[in-house]
Amino acid sequence: MKLAELANALGLSFTGDANYTIDRLAPISSATKHELSFVVSARYRNALLATDAGAVIVPPDLADICAGHYLVSANPY
């Protein structure tokens, strides 16, 4: 699924390439470049900074440290 399609389906804003392809979900610690993951709080800040995930769903307070593709949600679950 394309990043823009995913964001639209979830009703979320996103940053990154709208045509970037996401294939599946994965834990933040093991996600790869075409996998989506999420973090729910600043407790996972280091994992977010170290992840290889293709895209991440983050709460608004972590959006400023994201690099690459990410979606913003008040409830990343």
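This is a predicted model: local features need pLDDT of at least 70, side-chain atom pairs count only at pLDDT 80 or more; totals for chains, interfaces and linings use all residues.
1. Five strands form an open sheet with mixed pairing, and their order across it is β1-β5-β4-β3-β2. The edge positions belong to β1 (13-15) and β2 (24-25); each has a single partner strand, so one side of each lacks a neighbour in the sheet.

2. The largest nonpolar core. This core has 12 residues. V56 belongs to this core, as do V58, A53, A26, I28, A31, V39, L48, L62, A63, C66 and Y70. Another core lies apart from it and has 10 residues, including L6, A7, I22 and L36. In soluble globular proteins, nonpolar side chains tend to be buried together.

3. L62. Within the largest core sits L62. Once neighbours within four places in sequence are set aside, the contacts of L62 are V39, S41, A42 and L48.

4. H69. Strand β5 covers residues 69-72 and includes H69. Is H69 buried or exposed? H69 counts as buried because its relative accessibility is 18%, and the cut-off for buried is under 20%. A polar atom of the H69 side chain is 3.1 Å from the backbone oxygen of G54. Beyond four places in sequence, H69 is in contact with L3, T15, G16, D17, Y20, G54, A55 and V56.

Conventions. Residues are numbered from 1 along each chain as its sequence is written. Side-chain values use heavy atoms; hydrogens and water are left out. A nonpolar core is a set of buried Ala, Val, Leu, Ile, Met, Phe, Trp, Tyr and Cys residues joined through side-chain atoms within 4.5 Å. Buried means under 20% relative accessible area, exposed over 50%, partly exposed in between (1.4 Å probe, protein chains only). Contact means heavy atoms within 4.5 Å. Helices (H or I, at least four residues) and strands (E, at least two) are DSSP runs, numbered from the N terminus. A polar contact is a pair of N or O atoms within 3.5 Å; within protein, one must be able to donate a hydrogen and the other to accept it, and residues adjacent in sequence count only if both atoms are side-chain atoms. Two strands pair if DSSP finds at least two bridges between them.
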